[in-house]
Amino acid sequence: MRGYDRALPIALLRARESTLAPFRADLDRIGLTVQQWRVIRALAEGEPRTAGELSEICVLMPPSLSRIMKALTERGFIARVEDGDARRRRVRLTAAGREKYAEMAERSAEIYARLEAAFGTDRMEALLDLLTELRETSDRLNADD
């Protein structure tokens with residue numbers, strides 16, 4: 001068995017926490033949690049989404065997403081989109097949600113650019129490719145079990 005410091009889940013968690021640290025300070029300043037930002041960011045990049053779609057895209061458990069969506073709705077950042085199929089409840093960003101996105105998006109891009117410049121663009125692309133391959137491999141293995 002690998003040592004604790006070389007365990008993949010621990011290494012991934014440590015990398016996650018380290019890379020999120022600069023975002024947290026800015027998100028705190030504008031009154032968002034990391035999870036709320038993920039939902040806003042996902043909605044800013046595309047069409048209205050269902051809770052199921054957001055859960056998968058944002059890597060959030062449905063009960064957590066429900067609480068996040070309730071808070072974002074109460075704050076006026078997201079709104080339900082009327083749909084012919086009442087079973088499909090989709091949400092979109094409101095004007096206030098788009099403003100909140102714009103408030104963080106530029107700073108987010110600066111943080112990413114700084115990290116990528118220090119780590120190296122080629123290495124960052126390779127890491128992202130490897131992480132995608134690792135996830136796909138793990139998904140296949142989990143489906144087989």
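Leu72 is in contact (heavy atoms within 4.5 Å) with Leu32, Gln36, Val39, Ile40, Phe77 and Ile78, leaving aside its neighbours within four places in sequence. The model is predicted: local features need pLDDT of at least 70 and side-chain atom pairs pLDDT 80 or more, while totals for chains, interfaces and linings use all residues. Residues are numbered from 1 along each chain as its sequence is written, and side-chain values use heavy atoms, without hydrogens and water.

Leu72 also belongs to the largest nonpolar core, which has 24 residues; Leu27, Leu32, Val39, Leu54 and Leu72 have the most contacts inside it. Such a core is a set of buried Ala, Val, Leu, Ile, Met, Phe, Trp, Tyr and Cys residues joined through side-chain atoms within 4.5 Å. Among the elements that give two or more residues to this core are helix H1 (8-30), helix H2 (34-44) and strand E3 (90-93). H2 provides the largest share, six residues. Helices (H or I, at least four residues) and strands (E, at least two) are DSSP runs, numbered from the N terminus.

Two residues are set out below. Buried means under 20% relative accessible area, exposed over 50%, and partly exposed in between (1.4 Å probe, protein chains only).

| Residue | Relative accessibility | Class |
|---|---|---|
| Ile111 | 8% | buried |
| Leu128 | 42% | partly exposed |

Ile111 lies in helix H5 (residues 95-119). Leaving aside neighbours within four places in sequence, Ile111 is in contact with Pro22, Phe23 and Asp26. The C-alpha atoms of Ile111 and Arg98, 13 residues apart along the chain, are separated by 20 Å. Leu128 is found in helix H6.
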